[in-house]
Amino acid sequence: MGLYAFEIALLVVYLLATFGLAIYFGRKGREAASATEYFLAGRALPWYLIGLSFYASNMSGASFVGLIGASYAHGLVIFHYEWTAALVLVVFAAIILPVFLRARLFTVTEYLERRFEPRTRRLYSLFTLVTLLFIDMAGALYAGAIVMVTGLPVLDLWTACLIISLLTGHYTIFGGLRTVVITDALQALVLIVGAGVVAVYGLAQVGGWDALLADLDDDKLELFRAPDDDVLPWPGILGVVILGLYYWTFNQYFVQRALAARSLPQGRWGALFGGLLKLPNLFLMIVPGLVAAVLYPTLESPDKAFPTLTFELLPAGLRGIVLAAMLAAIMSSLDSALNAASSLVTMDLVRPLRRDMDERALFLVGRFATGAFMVVAAIYAPLIAGFGSLFEYFQATLAYLVPPFVAIYLGGLLSPLLSRRSAFWALLIVEPLAVALFLTTQVFGNWSAIGVPDLHFTYVAIFLVIATLVVMGLVSLFERAH
């Protein structure tokens, strides 16, 4: 299971290439030392870099480890999480991005202040920072650490998380968004090749596509499942779309790339290109999970599917390519989350309090924030091991926490009748309810303990969106009546 010396050498070469790109393309950000250059790459990104960065940032450890693990456990039904992303990005390019670019937003949360009020923006910024830290950053670090520990047993989870965090945080601090996007483009190409290697080699080992289908249980081949299914009921696909709206269109983690587009057409083409790249994941991510289900049906955890395929199935030379792809995915998602978090701290929390700060001071605050998040995420990430499946950790957590914020964005964009204060009061009422539901169902299991049947998290997401819109409407009607 250990890595051969030349595979480690390959990883070192890849790291050196990544850092070389970071140093070369980060020089402009270092010379400009401005917030616009550091956080939005001077608003000059072309469509192909935006699209590749969208894809690379999404194809993180949650995808390599979590998505392959989910398809290992549940089968083809998991593909709904991929194709719906392409649908959501079409909506983003057609309807939402034009509004954001016309407003010349620095962060996606600025829209909430302009449409509603400043306290709504600050509330969402704080919430986004929490999700970036404890979901995106920690999840990426945990996934990378699992693979590192499998290949290098001398490491433990804490050490592996710290190594990945320091490596990625260093070049993110150095160059800002321009460096992140350039390195993402390289990492996207590497991870596509690496995932393709696993899929092709895995299919060959099981005897081809027909043999794979013949060896799989029928439930793993179902694309649409019953309304009471505990994996993904077909009405719950709407809940998946709701999660996609948050993830792709109202989340600084991704939208920051589109906000940095050199023009609206470039931003639109970039978003559509990113969505198009999600569709081949049926082959790149779902198929390897199905292969692992046939070859290794008794793994102790679904999250072990990808590391097991890599270290037990592939020959030494190919392992190096796949491990480089995995490292690319981890670093790409982590650098994106770090840069997004630092931009929120700087532009949403610090600048409103210190309006006299110049561009260089804001730039330095952003660098400091990146370093702080890097350390905290590395400390927290190993704790995810106690949650179970990485994929379940991501989806269940988001399904309970993000729908109220999706609702206020949709309400603000689609209805001029909602009052400016309606979003804040809706969040103040519904979000604590969402947190209480999450704790009682997912953490403490109180509902199961008293015999109440569990409600699938996609249904919860739909309910919370409706509840938030209803509260916004009622608050607006009350204000007009008084």
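## E117 and its surroundings

Leaving out residues up to four places away in sequence, E117 touches L112, R420, R421 and F424. The model is a predicted one. In it, E117 sits in the loop between α6 (110-115) and α7 (118-151). Its relative accessible area is 11%, which is under the 20% limit, so E117 counts as buried.

The side chain of E117 is joined to that of R119 by a polar contact of 2.9 Å. The pair also qualifies as a salt bridge, with the closest N and O atoms 2.9 Å apart. R119 has a relative accessible area of 29% and is therefore partly exposed, whereas E117 is buried.

## Other salt bridges

How many salt bridges does the structure hold? The total is seven. One of them links the side chains of R121 and E113, with an N to O distance of 2.6 Å. R121 is buried, with a relative accessible area of 6%, while E113 is partly exposed at 25%.

Another salt bridge is formed by R225 and D229, whose closest N and O atoms are 3.7 Å apart. Both of these residues are buried. R225 and D229 also belong to a network of salt bridges that includes E222.

## Overall fold

The chain has 21 helices and zero strands. It consists of 482 residues, of which 60% count as buried. Among contacts with a separation of 6 or more, 85% are between residues 24 or more positions apart.

The accessible surface of the chain comes to about 18,100 Å². Carbon and sulfur atoms account for 69% of that area.

## Helix α5 and the nonpolar patch

A nonpolar patch on the surface is formed by W83, L87, V91, I95, L276 and L279. Together these residues have about 500 Å² of accessible area. Helix α5 (residues 80-102) supplies four residues, the largest share of the patch. An α-helix has 3.6 residues a turn, so residues three or four places apart point the same way.

V91, one of the patch residues, lies in helix α5. Is V91 buried, partly exposed or exposed? V91 is partly exposed, because its relative accessible area is 31%.

V241 is placed in helix α10. With a relative accessibility of 18%, V241 counts as buried. Leaving aside neighbours within four places in sequence, V241 is in contact with T84 and V88.

V241 and A85 are 156 residues apart in sequence. In space, their C-alpha atoms are 7.5 Å apart.

## Helix α12 and what covers it

Helix α12 (residues 264-278) has 15 residues, which at 1.5 Å a residue should span 21 Å. Its end C-alpha atoms are 22 Å apart, in agreement with that expectation.

Which residues of α12 are buried? They are Q266, G267, G270, A271, G274, G275, L277 and K278. The cover over these residues includes α3 (47-58), α5, α10 (237-249) and α13 (281-295).

## Helix α14

Helix α14 (residues 305-313) is largely enclosed by the rest of the structure, because eight of its nine residues are buried. The buried residues are A305, F306, P307, T308, L309, T310, F311 and L313.

## R104, a residue with positive phi

R104 lies in the loop between α5 and α6. Its phi is near 55°, a positive value in a residue other than glycine. Is R104 buried or exposed? R104 is exposed, because its relative accessible area is 53%, and the limit for that class is over 50%.

Methods
Residues numbered from 1 in each chain as written. Predicted model: local features only at pLDDT ≥ 70, side-chain atom pairs only at ≥ 80, totals over all residues. Heavy atoms only, no water. Patch = residues over 30% accessible without salt bridge, like charges linked within 9 Å, V, L, I, M, F, W, Y side chains within 5 Å. Areas by Shrake-Rupley, 256 points an atom, 1.4 Å probe, with all protein chains shown as cover. Salt bridge = Lys/Arg side-chain N within 4 Å of Asp/Glu carboxyl O. Helix = DSSP H or I, 4+ residues; strand = E, 2+ residues; numbered from the N terminus. Buried < 20%, exposed > 50% of the residue type's maximum accessible area, 1.4 Å probe, protein only. Expected span 1.5 Å × (residues − 1). Contact = heavy atoms within 4.5 Å. Polar contact = N/O pair within 3.5 Å; in protein donor to acceptor, adjacent residues only side chain to side chain.
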